[in-house]
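Here is a short briefing on two chain-to-chain interfaces.

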Protein chains: 6
Amino acid sequence: MLVEFGGTRVLCAASVQDSVPRWRRDSGLGWVTAEYAMLPRATNTRTDRESVKGRLGGRTQEISRLVGRSIRACLDFKALGENTVQLDCDVLQADGGTRTAAITGAYVALADAVGWMRERGLCKGDPLIASVAAVSVGVVDGQPRLDLCYEEDVAAGTDMNVVCTGDGRFVEVQGTAEGAPFDRAELDALLDLAAGGCAELTRLQNEVLGR
Amino acid sequence: MLVEFGGTRVLCAASVQDSVPRWRRDSGLGWVTAEYAMLPRATNTRTDRESVKGRLGGRTQEISRLVGRSIRACLDFKALGENTVQLDCDVLQADGGTRTAAITGAYVALADAVGWMRERGLCKGDPLIASVAAVSVGVVDGQPRLDLCYEEDVAAGTDMNVVCTGDGRFVEVQGTAEGAPFDRAELDALLDLAAGGCAELTRLQNEVLGR
Amino acid sequence: MLVEFGGTRVLCAASVQDSVPRWRRDSGLGWVTAEYAMLPRATNTRTDRESVKGRLGGRTQEISRLVGRSIRACLDFKALGENTVQLDCDVLQADGGTRTAAITGAYVALADAVGWMRERGLCKGDPLIASVAAVSVGVVDGQPRLDLCYEEDVAAGTDMNVVCTGDGRFVEVQGTAEGAPFDRAELDALLDLAAGGCAELTRLQNEVLGR
Amino acid sequence: MLVEFGGTRVLCAASVQDSVPRWRRDSGLGWVTAEYAMLPRATNTRTDRESVKGRLGGRTQEISRLVGRSIRACLDFKALGENTVQLDCDVLQADGGTRTAAITGAYVALADAVGWMRERGLCKGDPLIASVAAVSVGVVDGQPRLDLCYEEDVAAGTDMNVVCTGDGRFVEVQGTAEGAPFDRAELDALLDLAAGGCAELTRLQNEVLGR
Amino acid sequence: MLVEFGGTRVLCAASVQDSVPRWRRDSGLGWVTAEYAMLPRATNTRTDRESVKGRLGGRTQEISRLVGRSIRACLDFKALGENTVQLDCDVLQADGGTRTAAITGAYVALADAVGWMRERGLCKGDPLIASVAAVSVGVVDGQPRLDLCYEEDVAAGTDMNVVCTGDGRFVEVQGTAEGAPFDRAELDALLDLAAGGCAELTRLQNEVLGR
Amino acid sequence: MLVEFGGTRVLCAASVQDSVPRWRRDSGLGWVTAEYAMLPRATNTRTDRESVKGRLGGRTQEISRLVGRSIRACLDFKALGENTVQLDCDVLQADGGTRTAAITGAYVALADAVGWMRERGLCKGDPLIASVAAVSVGVVDGQPRLDLCYEEDVAAGTDMNVVCTGDGRFVEVQGTAEGAPFDRAELDALLDLAAGGCAELTRLQNEVLGR
C-alpha cells in the first residue's frame, strides 16, 4: 500500500513466510521484522544508494529497528503462530516524517496481511491486540506543530516522534533537541499534540481497513 | 517518470550534476551513468535487499551497465559539456522485461533532463543525437513473441533483448538460448520482431515528450 | 576516564584534532563525533566482534549517533574553532545503562579535553555552554526505578533513556514500551525520576572536574 | 589447461564435487558454475586486485555469468547426476577476447573432467550433449574482423561475442555498438564471420580432446 | 585478567563453549582460538576502529593467528574434550610488546578457565601439557634489550618475538631486521636473552595461578 | 617471471609507478609493496576465491606483509627516488614453500624492474643494496630438511622460514613448532641449513640476472 502524508510517499508491503528465524524455532511464537529504505531520488538532492556503497547507514538501520519495534508492540505472537511477517517500507518521495509515515503504513499492511492469513486459517486467533500509528511533532517559531514538512523539520528547535496505540497509550517517544534543549512544559505540549495526531491517524487506518 | 509495460512498473529519474567523474575532468566532455535496482516486493516472492546483504548482485550490476551503455549511445558528450546525468531505474513491480523498460524509460527521463538543461543554457548544443528504445523478444511454443511477461519469459526457449535507435539501427543485441540453442532463422525472425517493437516504442516516447 | 555505574564500566576518551570533516571546512565551526563499542566479554555471554563480522550492528551505530547528538547539544562550535573532538566510549563491563553511562562519561572526557585546549589557547572562548548527563529509568513490577541493572532492564515493562543539561532541561528523551504500552501518568513519573537522577549526576560530574 | 589465442592466455581448470548447491539437492540433477578473473598484471597497465578492494567488479561478475550460462547449454544435467563442476578461468595475459577464450577453454576443461568422471562411473550416461566454442568479432575500419586483439578491440566500432555449439547453432549472441549504432547488414556479416570462427575452434577442441 | 608490562596493558579473557567448530565435530578433540584487538586510544595517536572501517587489518589478523597458534602449543586437545576456549586479548594501552603481553596473559586466562572446567568435570584429564610465555627483544644502540617500550621498539635495528614453554623450549621465533640485516651472533644473543625473559615470566605466571 | 621450486610455481611481476603513497610524498623516498595470492586450483583441493568471499584471509595478508618487508630490506629508498614498485606474486601451483618462493622470485622481478628504471634514468643511483632470497626448512622424522614439499610440510614437527641477504645475514626468521616445541640445538641446525639454502638460491638469482 502507498501512504501519503503531504509530500511524503511511502510504499509499505507485508510478506508472509511460514517459518521463523532460527533463534525463535519451536517456540510456538511468530515474528515481525521491518526494513526501511529510501530511493535515491526520494530526496530533493540525490542520495547515494546504500547497496552501491556496500553498507547500510546508521540512520537506515535505526529507523528499520524503530519500525519493527513499534509494530511488534501491537502483536500477540502466540496467536500469530510460527509465521514471520516481513514489512518493507520504501520511501518514494520524502518531505519530512518518513519514519512515522512508514510506521503508520506498515501497520495497515500488517493488518491486511493478518486478514489474509486468518482467511486461510494460518493463525491461531487474532494476533492484532492493538493498532499502532505514529506522528512527528516539533516546535517551529516557538509553536508546537504537527507533521512537519522537510522545511519545517530543518527549522524546528525540537523534533519528536511519537508512536501510539489506537487506545491512546504510548509505544515509543523519541524527542531530540535539535537546537536549544527543551523544558518540561514544551515536552508536555508536544506530547498532547502528538496524542491527538495519532488518534486522527487511527481513525483513517480504520477507514482504510474497512472497520 | 513511471514506465508501465503490462505488469512491469519502473520509476526512472534523471539527476543532473555540474561536474564529471575524476577520470573525465578537463576533457570538455560530459558523462551519463545509470543504476538499476528492484524493490524487494517487486517480484512475486520477496527478494532480499542488496543493501542489507552488503553487496550488489551480478544481475543488478550487469543491467546497470547495460542501461548506461545503451543510453550513452544516443549522446554527443561534447554538446553535453562537463555535466553528469545520473539515471536511476527502480523497479516497483516486475512482470518480465524490466531491463528493456528501464532503458526505454531512462531515455525519456534523460531527454526531459536535457530539455531542462538547455532551457537554462547548461549545454553547448543538442546532446541528443538519437533516441533509444528497447524490447525483449522470445520464442514461446515455437512462436516469436514480443515483450514477454514473466510467465512467458520462464517458458521461453530463447530470450533476446534488443536496443535500437529511433532510426532503426542496433545499439545492443543480447540473445541467450535458455533451453535449446537457436538457429539463424529463429535469430532473424526475432530481430525483425524486435525492430518493429522498438519503432512502436519510439513513437510512444515522442508522444510523451511532446514531439 | 573510566565511568562506573554499578556493574557497568565504560572507558571514555577524547582525542583532539586540529581540523574538521570536509563538509565543515572553512566554516569557522568545530565538530564533535562519538563512537560507542563493547568488548566481546563485556556481556555475560560473549558477543562476537563487529570488526570480525565486518559490519557495525544497528545497535552500535544507533548508540554512537545518540552519544554524539547529546554531547553536541552542550557545545558552542564557534568557540571550539575548526577543531574536532573524537569521543570513544568502550564498554569493558556491561550491567545495564551502558549508553547513558557513555554519555555521562563522554561529557567529562570532553570537558577535560576542552580544558586542555583552552590552556593551550586552541579555542576562541568557552565552547561548553552546558553540561550534559544521562540516566536510564524504567518500570519494574509497576514501580518507576532509576538506573536499572541488566536483570531489572530485562524485566522492565518500559525502558526510558533521558539526557538532561545541568540546568534541568531535556536534550533527548527516548522511551520504549518493552511489554505493554505505557500511559501518560507513567511517562510523567519516569520523566520526574530521570530529571532527579540527571541532577545528581551533574553534581558528581562537577566534583570530578573540580568545579 | 592453458588456452592461448594470440597474446591472450587463460588458465582453465575444472573441479568436481560430489554434491550440488542447496537449491538443487534431491533433484537428481547436477550443476556447473564458472568464475572468471584476471591477474593484476594480465593487462598492460596493472589492475587492482578485486580481493584487495573487497568486492567483485561488475565486469568480472558479468563474464563469470556468461561463461557459466554458455557452458550449461551443452549439458544434460540428469546424466551428470548430483555432481557440481566448478570451472575456473584465470587470465594470465590479456590481449582482447578473454571472455571468448575462457568459454572455449572452459569447454575443454569440462570435457576432460567429464571423461575422468565417466571412467570412474560417476555419471549416469554422457552429460555432454553438445560442444561449445566462442569468438569475438568486430568491425575495424569498416571491415568485419575475427578475434580482435586489444588494439583492434579499442578501435572497433561494433564488438560482438558469439557462442556456438559444435553443430553451428547459437547459444549466446552479444553485440554492442561501441561507437555508431550498426545496421542489419553489418549484423548479418558479423554473425556469418563468427559462425565460421566457432566452427574452426570446434575442430581444434576436438583435436585437443583426441576425438 | 589484566596484564601490565610497563606502559602496556592488555585485558585477557577466556570464554568456554561446550561445542567445537564444524570441521572439528565428532573428533573428540577440543579447540582454542584467539582474537587480538586494540582500543582506538590505546596508542598515543588515535587509531581508527576496524569495526568502523569494515575490515580487519593485516596486523590484527597476524597477531590473532600468532596468539592462537602459541597457546594451542600447550594443549592436549583430547583431554580438553569437545569444548572451545575463545581467548580475547584487548589492548587498553600500548607501549611496545603488546603481542607478547597478549600471549603471556592469554595463557593465564586459559589456565584459569581450564581450572574452572576441571572443577565442573568438563574435561577428561589435564589439557595443559605445558605453560607458555612470550617476550619481545631487540637490539637498541648495538645492545640486546629485553621487553622494549614503544620508543625503543621504533629505534630497534632488529625486533624479535619469542614464545617459550615453561621448560625452556621454543614455540615460536619471529625475528625481523627493521633496519640492517642481523648476523648469527646477534641472533644468538637475542635468543639467549629471550629465553631468560620467558623463564622469569613463567615464574610470575605460576605465582599468579597460585602454583 | 615464473619461479619453480619442485611442484611450486609462482608468477612474480613488478610494476613501476612514478609516484608514492600519500604518506610518503615529498620525502624524496620511494616505496615497494607486495601482494601474494593463490589461484583457486593451485592447491590439490580447490580453495574459494578471496575476491568472491569479499575479504582477504589472514594468511594472505600475513604473507603479503612478509614479502613486502623482506624485499624492502634490500633497498635504498633514496636512490629509488619517488617511485613505487608494486610486486605481485601469484601462486599457480602450490607444493610447499610458496611464501619463500614468492620472496626469492620477487627479488628477481624487482632487480629486473630496477634495471629497466636505471636504463631510463628514473633512479638516482643503485637502489639495490643487497640481494634477498628465502627458504623453508623443517624437521621431518627427526631430520632437518630443506625446501619441504607439501607432504613433508604437513609431517614436519617444526617449520621455519628464513630470509637472508646475498652476503649471508638474516632479514627474517620465522620458526613455528607445529607439533612439539623445539630446543636450541634443533633451532641452530635449522638455521645452518637455511643459510646454506639461501646461499645456493643467491647463486641462481645472480645467474638468472646475468651477473
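**Two interfaces in brief**

β8(A) and strand β8 (residues 170-177) of chain C run antiparallel and are joined by five bridges. The model is predicted. Chain E and chain F also meet through strands: β8(E) pairs with strand β8 (residues 170-177) of chain F, antiparallel, over five bridges.

**Chain A with chain C: strands and extent**

- Within the strand pairing, Val173(A) has Gly175(C) of β8(C) as its bridge partner.
- The contact involves 26 residues of chain A and 26 residues of chain C.
- Together the two chains bury about 2600 Å².
- Carbon and sulfur atoms carry 49% of that buried area.

- Six salt bridges cross the interface of chain A and chain C.
- One of the salt bridges joins Arg65(A) to Glu62(C), with the closest N and O atoms 2.7 Å apart.
- On the chain A side, α2 (58-72), β8 (170-177) and α6 (184-208) each supply at least two residues.
- β8(A) gives the largest share of that side, eight residues.
- By class, the chain A side that touches chain C holds nine nonpolar, seven polar and 10 charged residues.

**Chain E with chain F: strands and extent**

- Thr176(E) stands opposite Glu172(F), a residue of β8(F).
- Chain E places 26 residues in contact with 26 residues of chain F.
- The area buried between chain E and chain F is about 2600 Å².
- Of this area, 49% lies on carbon and sulfur atoms.

- The polar contacts between chain E and chain F number 16 residue pairs, both residues at pLDDT 80 or more.
- Three elements of chain E give two or more residues to the side touching chain F: α2 (58-72), β8 (170-177) and α6 (184-208).
- The largest share of that side comes from β8(E), with eight residues.
- The chain E side that touches chain F divides into nine nonpolar, seven polar and 10 charged residues.

Note on methods
Residues are numbered from 1 along each chain as its sequence is written. Chains are lettered from A and ligands numbered from 1 in the order in which they are written. This is a predicted model: local features need pLDDT of at least 70, side-chain atom pairs count only at pLDDT 80 or more; totals for chains, interfaces and linings use all residues. Side-chain values use heavy atoms; hydrogens and water are left out. Contact means heavy atoms within 4.5 Å. Buried area is the accessible area (1.4 Å probe) that two parts lose on being put together, summed over both. A polar contact is a pair of N or O atoms within 3.5 Å; within protein, one must be able to donate a hydrogen and the other to accept it, and residues adjacent in sequence count only if both atoms are side-chain atoms. Helices (H or I, at least four residues) and strands (E, at least two) are DSSP runs, numbered from the N terminus. Ala, Val, Leu, Ile, Met, Phe, Trp, Tyr, Cys and Pro count as nonpolar, Asp, Glu, Lys and Arg as charged, and the others, Gly among them, as polar. Two strands pair if DSSP finds at least two bridges between them. A salt bridge is a side-chain nitrogen of Lys or Arg within 4 Å of a carboxyl oxygen of Asp or Glu.
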